[in-house]
Amino acid sequence: MTKIGLEIHCQLTKLNSKLFCSCKADYREFEPNTNICPICMGLPGSLPRLNQKAVEKATTIALALSCQVPEKIAFFRKNYFYPDLPKNFQITQLNVYGPTSIGEKGMVNVEDKEIRIRRIQLEEDPGRLIYEGTSEKTQITLVDYNRAGTPLVEIVTEPDFDNPKQVRIFLNILSDLLENLGVSEPTLEGAMRADGNVSIENGPKVEIKNIGSFHDLEKALHFEITRQESLSSRDIPIAQETRHWDDRRKVTVSARTKEEEMDYRYFPEGDIPWIKIADARIQKLKEDMPESISSKKQRYVTQFDIPPQVADVLSSDKFYSDLFEKSHDEKNAKDIANLITTDLMGLVDTREKREQSKLKPNHLQDLVSAIQASRITRTSAKTALQEMVKSGKSLEEIIKDLDLGKSDEGELEKIVDEVISQETKAVEEAKANPQTINYLVGKVMQKTKGKADPIITLELFKKKLS
Ligand code: ZN
Ligand code: MN
């Protein structure tokens, strides 16, 4: 039997400042080593000051994952010497004198399986090492401390996953949940990182570190299971070790053994007192929590009669559901939902495209009204939507600029006659077999660049050919 467990690090990217100082939590725009101060650099005499918003966001995550939140939380120093850690210790949490970590004993449903959350802890991110080439064969390693001290939540699961596919579904659920809570933007580079541990047949546990993407994690887990099964079938013992994912060769490789023998010499962080999490504060956080994805989905189905698959896509993506919430009313909800999940999807499928998109909720309202009033065709609506995303122009401007107004019937009749005179062979065929009439309708659509109403066009042909 295969057992997989995960350790996931999520940055609280929606915070303004780092976990223990006032440097920016969003370090990505800065020149290397410019988003730093004596506190996050661990200079002698500096003292950490805990970001209360980070405690709140981490508590919200713990609650959303059905965790128990302890009465008091405490911080510990995890000591290790590595160039990405300017203080030579990381301030983190540990359940050594009872539960003092921000959450424990949570649960997430992945299809029919319950995945238990062992623990959630709040900690600081280390700096970033930049290698020339790979970390194994590098001549030059540069260090950037801009990230050091960024608030992280580490989520540790029990080894409840049976296969890599479950892991990927879980990570997607978790990433949607964090985004929906408004605590993180998981699609930002490095905002969500996962380590996996794998064992087969109750054998030793192998940890895989350094995985850049969910997709790679799935591949790494597959590779690791196959590797262990192959060793086991030849009676070769599986070593309990840490392995790295070699992204280029698509294999896991044994890490230097020194890394596993590390003794972190944890001890209480004396510069931060224990913090009481009052019941009233937890109550308030619960009340302020945004509507969950599953509740949104349920509501879209029952309130607006939106098909479950459409409601699923709409609710699980915060970008779509925010847009939907701001644009729909009772009458147009279903059409707006369709427009978002069919036509809009391909136009804003990456983070960059979403950031550049000029689309506003009123664009969708106008577009659906115009379709409902038969002012433009579905084909033209698609073109207009593209233009809205690109330029942010109003529907009226776009209709005028791109000449998307629907062809009127007189005009349409002229074009139909034109097609009939040009396509003599197809006309004969259509007379014999009415099914082939669609070819002629297609010709009209081509000539009008999608502005013709297909149903009216079809009627015109039927009338003229009978
Ligand atoms: Zn700082
Ligand atoms: Mn950690």
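Me: How many bridges join strand 3 to strand 4?
Reply: Four bridges join them, and the two strands run antiparallel. Strand 3 covers residues 76–79. Please note that this is a predicted model.

Me: What is the bridge partner of K78 in strand 4?
Reply: The partner of K78 is Q90.

Me: And which sheet do these strands belong to?
Reply: They lie in an open sheet of three strands, ordered 4-3-14, with antiparallel pairing. Strand 4 (89–92) and strand 14 (267–268) are the edge strands, each pairing on one side only.

Me: Moving on, what is the strand order in the open sheet of eight strands?
Reply: The order is 5-6-9-1-10-11-12-13, and the pairing is mixed.

Me: Why is one side of strand 5 and of strand 13 left without a neighbour in that sheet?
Reply: Strand 5 (103–110) and strand 13 (251–254) stand at the edges, and each has a single partner strand, so one side of each has no neighbour in the sheet.

Me: By how many degrees are neighbouring strands turned against each other there?
Reply: The average is 30 degrees, with direction ignored.

Me: How do strand 11 and strand 12 run, parallel or antiparallel?
Reply: Strand 11 (residues 206–211) and strand 12 (residues 242–246) run parallel and are joined by three bridges. Within this pair, E207 stands opposite T242 of strand 12.

Me: Which strands does helix 1 touch?
Reply: Helix 1 (residues 52–64) packs on the eight-stranded sheet, where it touches strand 5, strand 6 (113–124) and strand 9 (151–157). The direction of helix 1 makes about 175 degrees with that of strand 6.

Me: And helix 2, which strands does it lie across?
Reply: Helix 2 (residues 164–181) lies across strand 1 (2–11), strand 5, strand 6 and strand 10 (192–200). Relative to strand 5, helix 2 runs at about 115 degrees.

Me: Now the whole protein. How many helices and strands are there?
Reply: The protein has 16 helices and 15 strands. Its radius of gyration is 29 Å, well over the 23 Å that the globule rule gives for 466 residues, so the protein is more spread out than a compact globule.

Me: What box do the C-alpha atoms fill?
Reply: Taken along the principal axes, the box is roughly 90 × 55 × 45 Å.

Me: Last topic: what share of the residues is buried?
Reply: Buried residues make up 35% of the 466. As for contacts with a separation of 6 or more, 67% are between residues 24 or more positions apart.

How values were computed: Residues are numbered from 1 along each chain as its sequence is written. Chains are lettered from A and ligands numbered from 1 in the order in which they are written. This is a predicted model: local features need pLDDT of at least 70, side-chain atom pairs count only at pLDDT 80 or more; totals for chains, interfaces and linings use all residues. The radius of gyration is taken over C-alpha atoms; the globule rule is 2.2 Å times the number of residues to the power 0.38. A residue is buried if 20 or more other C-beta atoms lie within 10 Å of its own, exposed if 12 or fewer, and partly exposed in between; C-beta atoms are placed from the backbone. Two residues are in contact if their C-beta atoms, placed from the backbone, lie within 7 Å. Two strands pair if DSSP finds at least two bridges between them. Axes are lines fitted to C-alpha atoms, for helices over the stretch in contact, and angles run from 0 to 180 degrees between N-to-C directions.
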